[in-house]
Amino acid sequence: MQLSRTLTFILLTFLVMLWGVNWPLSKYALEFAPPLLFAGLRIFIGGLILLLFALPRYRKLNFRHTWNIYLISALLNIILFFGFQTFGLNMMPAGLFSTIVFMQPVLLGIGAWLWLGESMTGFKIIGLILGFIGVAVISINDGSGNISSAGILLGLASTITWTFGTIYMKKTSTRVDAIWLTTLQMIFGGIVLLVAGTTVENWTDIVWNQPFISTLTVIAIFCTALTWLVFFLLVRSGEAGKIGSFNFLVPLIAIVISVLFLGETVTPKMVVGLILIIIGVALVNLKLKSLQKRDKKHMGNMKARREHV
């Protein structure tokens with residue numbers, strides 16, 4: 001199904017806005033719940049919502065032959081990613097933490113080059129270097145007390161697991177149904193996080209008040225379940241490649257909302273690091289018209305050779 005440009009823009013805007021809003025909302029929710037239990041609740045509820053969309057596609061599940069893919073994907077994209085993310089978010093300002101995590105497009109560019117056979121350009125190399133310099137600038141301790149070394153490490157761990165999880169999903173995309181993969185990895189990952197949370201945390205520490213329930217509901221439905229559905233709608237329409245070039249807006253949205261509603265502050269050091277990371281991510285996703293023409297010509301030559309054979 002081909003989407004119109006207007007609908008594509010609306011969906012991409014919806015996706016990026018919710019990704020940006022997710023960080024300050026999650027930071028706020030952690031005031032009422034322990035990290036693992038909160039992560040498990042948001043993911044498990046999101047998985048149950050997606051199950052409503054996956055059940056009509058039950059013939060495409062093929063769980064007997066692909067169960068290992070679902071489990072590995074759940075480990076990388078849910079258990080480790082959200083586990084590291086939730087603990088790290090509890091240690092750092094939401095906007096700053098999201099900046100570190102959204103270095104993922106930079107690392108994904110390197111991973112796609114190494115394991116998926118995608119091209120590596122000079123712009124991508126420069127972008128990677130600038131991205132790491134940006135994180136280094138942010139990580140320098142200026143005595144403000146806002147920067148947590150453990151939080152930075154957890155942010156980088158989140159980025160790395162998300163990168164490998166995305167690469168794994170791409171490599172196995174022809175073997176499993178995308179909706180079922182997303183649904184089951186959320187349900188499996190949510191159960192594991194809830195079990196782990198039950199072991200080391202207390203359910204009685206959750207404050208089941210109206211602000212927490214409302215925030216959890218918004219995060220589970222809009223920032224978890226619906227964003228994945230929108231993502232796959234864009235993938236199926238051939239527009240998923242544009243998502244990477246929009247990702248650099250997410251930390252900006254997260255920082256603005258965090259400053260306005262959570263009272264977080266922005267230091268000059270954070271601004272410099274953020275600018276470097278944004279430029280790095282933009283360069284990684286940059287495609288010049290000359291490169292696009294070259295790629296189209298290359299694809300045309302390959303198609304002609306196949307037809308000739």
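Residues are numbered from 1 along each chain as its sequence is written, and side-chain values use heavy atoms, with hydrogens and water left out. Because the model is predicted, local features need pLDDT of at least 70 and side-chain atom pairs count only at pLDDT 80 or more, while totals for chains, interfaces and linings use all residues.

**View 1. The largest cavity and its lining.** A search of the whole structure turns up two cavities of 30 Å³ or more. A cavity here is a set of points, on a 1 Å grid over the protein atoms alone, where a 1.4 Å probe fits but cannot get out; lining residues have an atom within 4 Å of a point. The largest cavity holds about 40 Å³ of space, where a volume is the space filled by probe spheres set on the points, with grid points joined across faces, edges and corners. Its lining is made up of Pro93, Gly95, Leu96, Ile255, Ser258, Val259, Glu264, Thr265, Val266 and Met270. Two elements give two or more residues to this lining, α4 (94-101) and α11 (249-261), and α11 supplies the largest share, three residues. Helices are DSSP runs (H or I, at least four residues), numbered from the N terminus. By class, the lining has six nonpolar, three polar and one charged residues; Ala, Val, Leu, Ile, Met, Phe, Trp, Tyr, Cys and Pro count as nonpolar, Asp, Glu, Lys and Arg as charged, and the others, Gly among them, as polar.

**View 2. Helix α4, a covered element.** Eight of the eight residues of α4 are buried (under 20% relative accessible area, with exposed over 50% and partly exposed in between; 1.4 Å probe, protein chains only). Among them are Phe97, Ser98 and Ile100.

**View 3. Thr66 in helix α3.** Helix α3 spans residues 63-89 and includes Thr66, which is buried at a relative accessible area of 3%. Its side chain reaches the backbone oxygen of Asn62 at 2.6 Å. Not counting residues up to four places away in sequence, Thr66 touches Leu61, Arg175 and Val176 (heavy atoms within 4.5 Å).

**View 4. The salt bridge of Arg57 and Asp177.** The count comes to one salt bridge (a side-chain nitrogen of Lys or Arg within 4 Å of a carboxyl oxygen of Asp or Glu). Here the side chains of Arg57 and Asp177 meet at 2.5 Å, N to O. The pair links distant parts of the chain, 120 residues apart: Arg57 sits in the loop between α2 (35-54) and α3, and Asp177 in the loop between α7 (149-171) and α8 (178-200). Arg57 is partly exposed at 22% relative accessible area, whereas Asp177 is buried at 10%.

Key
On a 1 Å grid over the protein atoms alone, a cavity is a set of points where a 1.4 Å probe fits but cannot get out, and a pocket is an open set with protein on both sides within 12 Å along at least five of seven lines; lining residues have an atom within 4 Å of a point. A polar contact is a pair of N or O atoms within 3.5 Å; within protein, one must be able to donate a hydrogen and the other to accept it, and residues adjacent in sequence count only if both atoms are side-chain atoms.
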